[in-house]
Structure formats: C-alpha cells, structure tokens
Amino acid sequence: MKSKGILIKSIVGFVFFAVILIISNLVLFTVDTTEYVVVTQFGRPVRSIVKAGLNAKLPDPVQALYRYDNRQQIYEAGDIELLTKDKKSVVVDHYGVWKIKDPVLFMKTVKNKTDAELRLSDVFSSVLGVALGQYDLSELVNVNRGQMKLDQMLSEVVRRSDAQTAEYGITVTDVAIRTLNFPEKNKLSVFRRMKAEREQIARKYRSEGSEEAAKIRAEAIKEQKTILSQAYMQSQQIMGEGDAESIRIYAQAFQKDPKFYEFVRTLEAYEKFIDDKTTVILPADSDLLKYLNSGNSRKN
C-alpha cells in the first residue's frame, strides 16, 4: 500500500509538472534582441514589445504573437528608367536600406516584409523620378567633383522616402545607386554625341595652344631682338672706347717721337699691302716710297 501511494504521488507530481509546463508554454514567451513582438487579442494588436526578455500573455486563441525583424534590411529595387532635368533617359540600378520603426503600425498597414517591399518599390521609384527630374545628367555623372550633386540628390531621396514610409511604421535609412547607365537603344547615339563633344573640346584646346605658342614665339623673338640690340650697342660702345684708346696711345707715341712713329706706321703699311706678288705704282714723291728709295740709294 505504501509503494502504491508513492507511485500515485509521483504520477500526480508528473502530471502537475506537465500541466505547469504546458501552461507556461501557452502563457510565457521570450523576445530576442533581433526582433519586435506584437501581441494581438482576437486578431487586434493590443501591445508591442521592443525589448528582449521574458514576457507573458493570455493563451491562444485569446492572444497570439507576431514576430518582426528589427534589424536594418536591404531592399534590392533593381533597374528603372527615368528622365533627368535635361531630358536624358537613364537606367538607375538602386537599393534602399530600411527597418521597422513602429511594429504595431507596420502590422496594421503592410503586415509582412513582402508587402512592405511592394510599398517601398513604389516610394523609391516615385521619389527617385522626381529627384532626377531636378538635376542635369552632368550634375550626377562628372569627373569634376565640384560639379557633382549626386550625394545631395540621394540625401533628398532618403529624406522624402522616409517621410512617405512613416505611415507604414517604416524608416528609410539609406538609398544608394549602384549604376547609372543609358538605355541600350540610346547608348550608340549618346556615345557619338559624347565623341563629337570631346572632339570639339580638343579642337578648342589645340586652337588655344596654337595661339599661346604664337604669343610665346612672338615674345621670344621680341626679347631676342632686344638682347641683340643691347649687345650690339654695347659692342659699338666698347669698340668706340677701344678706338679712342688706340688713338690716344697713337697720339702719345707720336708726341714722344714723331719721326719714329711715322717710320713704324709706314712699315705697318708695307706689311699690309706688299708681298712677293704685289706690284705698286706710285708717284716718285710719295711718302710710301721714301724709305724704299732711301734703301735703294744706300745700295748705290
């Protein structure tokens, strides 16, 4: 009898523990750090839990749980064709980063991720279309960073998208463009136009370069003439000073011994015009023949 009583107590204890465990599973639940939980009562949301931990609710079917990811999520929007302010058709491959801000509002409006991304697709395409229509293509694609306004445009897209998705309990944290391209049907004509524009710019640069080269050559020639003129003037001045100095020296020499000076100058004249092939015809009383005749008279 005693062992039978122990067995009954064990069974009762096990049943009680099982009942407690079942009730706990129906009433108690945990919230992870990566999720929001919305508690509904007969299908109507009554509260949201945004902090991780252990919580309690009424058992099903009175109250039910809906779990939503609270982390940032990426929506791959893909390619859409839009027009810029200067009427250029472009294909934009973009994506958006979003997260649930108000889980109750999210549940009431879009309910799940799939429906949320359908709304995001409409928002991103409309906001991007309006934003691109306010900028020329050269302000979105340019090698000059000073003329680029792509970051400014994307900041406006994020702000406007976030304002429109707030009614769904969603916040948009970023919108980025992977590629900005021309439609396939327009690429050939665009490339031809770009080539023509670059050739025009190249011709302009060559013309400006030729003009600048002509200016440089003209300046160089002018400077060359100025330098040669100054050099010639200096050389003439030096030659004049040399001639003056030579005349002064000759004058001093002549004053010291006029006859010897005359003799030396005559000999220098002989050296300049008399050689073995020279025939000189001069009057008999010429000063140049004086010393030659004197030499002949001594011989005789």
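## Arg 71 and Asp 69

Arg 71 pairs with Asp 69 in a salt bridge, with 2.9 Å between the closest N and O atoms. The term requires a side-chain nitrogen of Lys or Arg within 4 Å of a carboxyl oxygen of Asp or Glu. Arg 71 is partly exposed at 47% relative accessibility. Asp 69 is also partly exposed, at 27%. The classes are buried (under 20% relative accessible area), exposed (over 50%) and partly exposed (in between), using a 1.4 Å probe and protein chains only.

## Basis of the model

The model is predicted: local features need pLDDT of at least 70, side-chain atom pairs count only at pLDDT 80 or more, and totals for chains, interfaces and linings use all residues. Residues are numbered from 1 along each chain as its sequence is written, and side-chain values use heavy atoms, leaving out hydrogens and water.

## Lys 149 and Glu 139

A search of the whole structure finds six salt bridges. One of them joins Lys 149 and Glu 139, at 3.3 Å from N to O. Both residues lie in the loop between helix 3 (113–132) and helix 4 (150–165), so the pair ties together parts 10 residues apart in sequence. Helices are DSSP runs (H or I, at least four residues), numbered from the N terminus. Lys 149 is partly exposed, with a relative accessible area of 33%. Glu 139 is buried at 18%.

## Lys 215 and Glu 211

Lys 215 and Glu 211 form a salt bridge at 3.8 Å, N to O. They sit four residues apart in helix 5 (residues 184–256), which means a separation of about one helical turn. Lys 215 is partly exposed at 46% relative accessible area. Glu 211 is partly exposed, with a value of 46%.

Methods: Helices (H or I, at least four residues) and strands (E, at least two) are DSSP runs, numbered from the N terminus.
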